[in-house]
Amino acid sequence: MNINLTLVMQAVAFFAFIWFCARFIWPPLMQAIETRQKQIAEGLAAGEAGKKSLATTEKRIAEMLTEAKSRSSEIIAQGDKLKTETIEAAKSEAKAEGERIVAAAKAEIEQEVARAKESLRNQVADLAVAGARQILQREVDPKAHADLLAAIQKQF
Amino acid sequence: MVAEETELTPTSYIQHHLTFFTRTVNDGAGFWTINVDTLVTTMVIAVLAFGFLWLITRKSTAGVPSRVQAFVELTFDFVNEQVKGIYHGESRIVAPIALTTFVLTLFLNAMDFLPVDIMSHGFEALGFHNWRPVPTADVNTTFALALSVFAMMIYYSIKVKGLGGWIHELFCAPFGAHPLLWPANLLFNAVEYLSKPLSHSLRLFGNMYAGEIIFMLLGLWAATGVVGAVLGGVLHLGWSIFHILIVGLQAYIFMMLTIVYISMAHEGH
């Protein structure tokens with residue numbers, strides 16, 4: 001265990017190794033490590049940002065969904081209202097139409113009745129003449145008794 | 001395992017394993033020797049380890065990483081977190097220093113897992129007697145690392161505080177700026193500066209050296225016969241498993257102390 005020239009040579013070698021390490025080994029690999037660290041950090045940040053944007057988007061979607069729901073219920077309510085209104089309108093129209101038809105029928109019936117009465121009146125006059133002819137056993141001149149017949153017709 | 005002419009005794013066995021494969025420079029002795037085993041093992045391990053890291057780095061991508069890249073990144077991130085937790089200065093080179101220190105000490109320590117005798121026989125077959133495979137069990141390696149860190153410490157101290165500021169701090173901290181306190185401050189700082197590289201290097205060296213010796217002592221069981229060899233093997237396994245902790249822990253401590261020392265150099269008292 002004598003100190004000798006080996007010490008000097010080992011020291012020189014040691015410095016040479018340090019130089020080699022500091023020049024060729026340490027910087028490139030450290031750079032690679034740091035670059036990767038940066039990439040990973042960026043990736044994580046991007047993931048975080050993505051998460052955040054996803055959350056805002058989900059919130060917006062929820063808002064839009066509720067809005068759409070309220071709009072649709074509004075539309076449904078409007079539709080319901082419109083339906084009832086239409087039905088009511090149709091009902092009242094139908095009622096009016098029915099009343100009109102009934103009124104027209106009544107008028108026609110009255111007309112018919114009046115016409116029947118008229119014809120009955122004429123026939124009563126004829127019948128009266130025929131009856132009188134039977135009673136008198138002879139021809140009765142309706143012209144001669146026109147005044148009388150008219151009076152009967154009027155009475156009828 | 002020992003040269004044929006010497007008798008195989010426990011002492012010679014251990015001494016054999018603790019002898020470096022050396023070459024001298026300029027026919028000098030003492031300091032002018034090179035522990036070839038330490039140096040070559042360090043180079044091979046470092047080239048393999050840093051070559052592997054470089055290969056992964058070259059193919060690295062900021063996209064989905066491959067499994068190997070993910071594993072390497074885990075190591076980088078671990079070192080980077082430690083540096084970030086301790087060091088708050090400007091220099092961008094502290095983290096690579098920490099990584100280099102950690103990887104280097106970890107793999108050099110890990111050479112301790114290789115079984116001493118099999119390695120020894122293998123190197124002997126290649127013609128190398130006395131090849132010690134664990135560079136961090138060589139005090140030269142740990143001192144080289146610790147003194148390099150020490151040099152960086154001084155460098156950053158002067159760089160951050162200026163030469164004047166650093167010298168001022170040597171005399172005026174931590175007790176006060178009164179001239180009478182200058183010797184005490186200087187002594188305190190001297191002890192601090194001396195103890196840092198010493199404890200830094202000797203902690204690693206001591207752990208790895210002791211670990212190696214324990215492996216050898218357990219290997220001695222084989223000399224007592226078959227039962228002893230089996231028992232030695234079992235103990236060897238246990239110590240190896242425990243050693244995984246030591247290897248990792250010492251590499252971690254060495255790295256942490258490197259960061260701490262360098263960051264302390266940045267902070268004024």
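A nonpolar core is understood here as a set of buried Ala, Val, Leu, Ile, Met, Phe, Trp, Tyr and Cys residues joined through C-beta atoms within 7 Å, where a residue is buried if 20 or more other C-beta atoms, placed from the backbone, lie within 10 Å of its own. The model is predicted, and local features need pLDDT of at least 70, side-chain atom pairs count only at pLDDT 80 or more, and totals for chains, interfaces and linings use all residues. Residues are numbered from 1 along each chain as its sequence is written, and chains are lettered from A in the order in which they are written.

The largest nonpolar core holds 54 residues, of which B:Val94, B:Ala98, B:Leu99, B:Phe102 and B:Ile262 touch the most other members. The largest share, 11 residues, comes from H4(B).

Chain A comprises two helices and zero strands, and its C-alpha atoms fill a box of roughly 190 × 20 × 20 Å along the principal axes. Of its 156 residues, 9% count as buried.

The contact between the chains (C-beta atoms, placed from the backbone, within 7 Å) takes 38 residues from chain B and 28 residues from chain A. On the side of chain B that touches chain A, H2(B) gives the largest share, nine residues.

Conventions: Helices (H or I, at least four residues) and strands (E, at least two) are DSSP runs, numbered from the N terminus. A residue is buried if 20 or more other C-beta atoms lie within 10 Å of its own, exposed if 12 or fewer, and partly exposed in between; C-beta atoms are placed from the backbone. Two residues are in contact if their C-beta atoms, placed from the backbone, lie within 7 Å.
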